[in-house]
Amino acid sequence: MADAGGGSGSGRRMCSVPEKAQLHMAMLALQFGYAGFHVVSCLALNMGISKIVFPVYRNILALILLLPFAYFLEKKERPPINWSFVLEFFLLATVGITANQLFYLLGLDNTSPTFASAIQNSVPAITFLMAAILRIERVRLDRKDGIAKVAGLLFCVAGASVITLFKGPTIYSPPEKLQLAAAAAAPVVLGDGGGKSWTLGCVYLIGHCLSWSGWLVLQAPVLKRYPARLSFTSYQCFFGILQFLVIAAFMETNTEAWLIRTGSEVFSVLYAGVVASGIAFAVQIWCIDRGGPVFVAVYQPVQTLVVAITSSLLLGEEFYLGGIIGAVLIILGLYLVLWGKSEEKKFAAIQCPAEHSASRAPPQIKPSITQPLLGQSTENV
């Protein structure tokens, strides 16, 4: 089977029904992990951790976690390294780790976790556009599957925007004791960006979204030639660490900034390194390989929903009607995209016999049917 969405070009098997379920469960778990990371990162910055030191420790922990698995589990499938791969890994690390993480921390420091998770919902649309430009994703607006995918992405973005911009009447109000305790423990985490440059924070977060989308899309063609996913991620972490250390040499000259003093700081670094980098990177690479970059990006709005619910239940924030409406829009959008992909697979299955017959025609007759690229990388997803 040809692969255009991030799988190996060596005839990767089709997704089985259990694997389809695993893909969806993995993406949901990934969004829950990232949602927690929004709050943990903000806590770390509020405690005074350096915006340069934090990602250095984060990626070192991720590399320590990934390296043994990559070395022992991928001995047979890991292609030999060459200068072309080294350059690609370095550039991917620049976009997906260094720029992505630095822009995120700078933006989060000037805004709030809820806003950061909301603005990340531009990632599906940006990824979709990039993938279409690079012909990794093909959209047929003259067919119902293409219209469903575009409409689904718009619904996802609209739903997350409603959660952020429209409150409406209060649906759930936590007990007063919980609200007071949460406000005393983490006043800035509750969304108050006072004293910060909100506009500059938005610019940083837009740079973060552009970097993240570019990273999702650019990984797909490289994975076709380098299918060892854990090794692929480990190389990127390694180069990301080197790049952050170079930045730290110029921007973080205070040796005291490298000390981790409290248990909360240790927890923040461990969560970021183990959950949000080590585990999340490995899961995300697998999902890109099996489902394609757009499949991964379309789950992004789930983060906003999770952050909103978590903030209500754990951080003492009220939950409003806007959150309910946004959740419905997000679920509808995800359904439309996944239904569109299923319909595209049916079109591809119909076209395959036609292409096979056309290939037996006389040389002067050229087949006129083109198989959608998305269907090649997301079969049965």
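Where does α2 bend, and which proline follows within four residues? In this predicted model, α2 bends by about 30° at L66, and the proline that follows within four residues is P68; the bend at a residue is the angle between axes fitted to the seven residues ending there and the seven starting there.

The model is predicted, and local features need pLDDT of at least 70, side-chain atom pairs count only at pLDDT 80 or more, and totals for chains, interfaces and linings use all residues. Residues are numbered from 1 along each chain as its sequence is written, and side-chain values use heavy atoms, with hydrogens and water left out.

**Overall architecture**

The chain holds 14 helices and two strands, where helices (H or I, at least four residues) and strands (E, at least two) are DSSP runs numbered from the N terminus. Of the 381 residues in the chain, 51% are buried, a term that means under 20% relative accessible area, with exposed over 50% and partly exposed in between (1.4 Å probe, protein chains only). Among contacts (heavy atoms within 4.5 Å) between residues at least 6 apart in sequence, 88% join residues at least 24 apart.

Helix α2 covers residues 53–73, and its 21 residues reach 31 Å from the first C-alpha to the last, close to the 30 Å expected; the expected span is 1.5 Å times one less than the number of residues. In α8, the 28 residues should span 40 Å at 1.5 Å a residue, and the end C-alpha atoms are 42 Å apart, which agrees. Helix α8 also bends by about 30°, at Q219, with the proline P221 following within four residues.

**The largest cavity**

The structure holds four cavities of 30 Å³ or more. On a 1 Å grid over the protein atoms alone, a cavity is a set of points where a 1.4 Å probe fits but cannot get out, and lining residues have an atom within 4 Å of a point; grid points are joined across faces, edges and corners, and a volume is the space filled by probe spheres set on the points. The largest cavity has a volume of about 170 Å³, and of the 15 residues that line it, the closest to its centre are Y34, F37, R58, H208 and W212. Two or more lining residues come from each of α1 (17–46), α3 (83–110), α8 (198–225) and α10 (263–291), and the largest share, four residues, comes from α3. By class, the lining has seven nonpolar, seven polar and one charged residues; Ala, Val, Leu, Ile, Met, Phe, Trp, Tyr, Cys and Pro count as nonpolar, Asp, Glu, Lys and Arg as charged, and the others, Gly among them, as polar.

The contacts in the table leave out residues up to four places away in sequence.

| Residue | Relative accessibility | Contacts |
|---|---|---|
| Q284 | 2% | L30, Y34, W212, W215, L216, V296 |
| F89 | 0% | I81, V222, Y226, F232, Y235, Q236, F239 |
| W286 | 18% | E19, Q22, L23, A26, R229 |

Q284 is found in α10, and its contacts include Y34 and W212, both listed with the residues closest to the centre of the largest cavity. W286 is also found in α10, and its C-alpha atom is separated by 9.3 Å from that of A26, 260 residues apart along the chain.

How values were computed: On a 1 Å grid over the protein atoms alone, a cavity is a set of points where a 1.4 Å probe fits but cannot get out, and a pocket is an open set with protein on both sides within 12 Å along at least five of seven lines; lining residues have an atom within 4 Å of a point.
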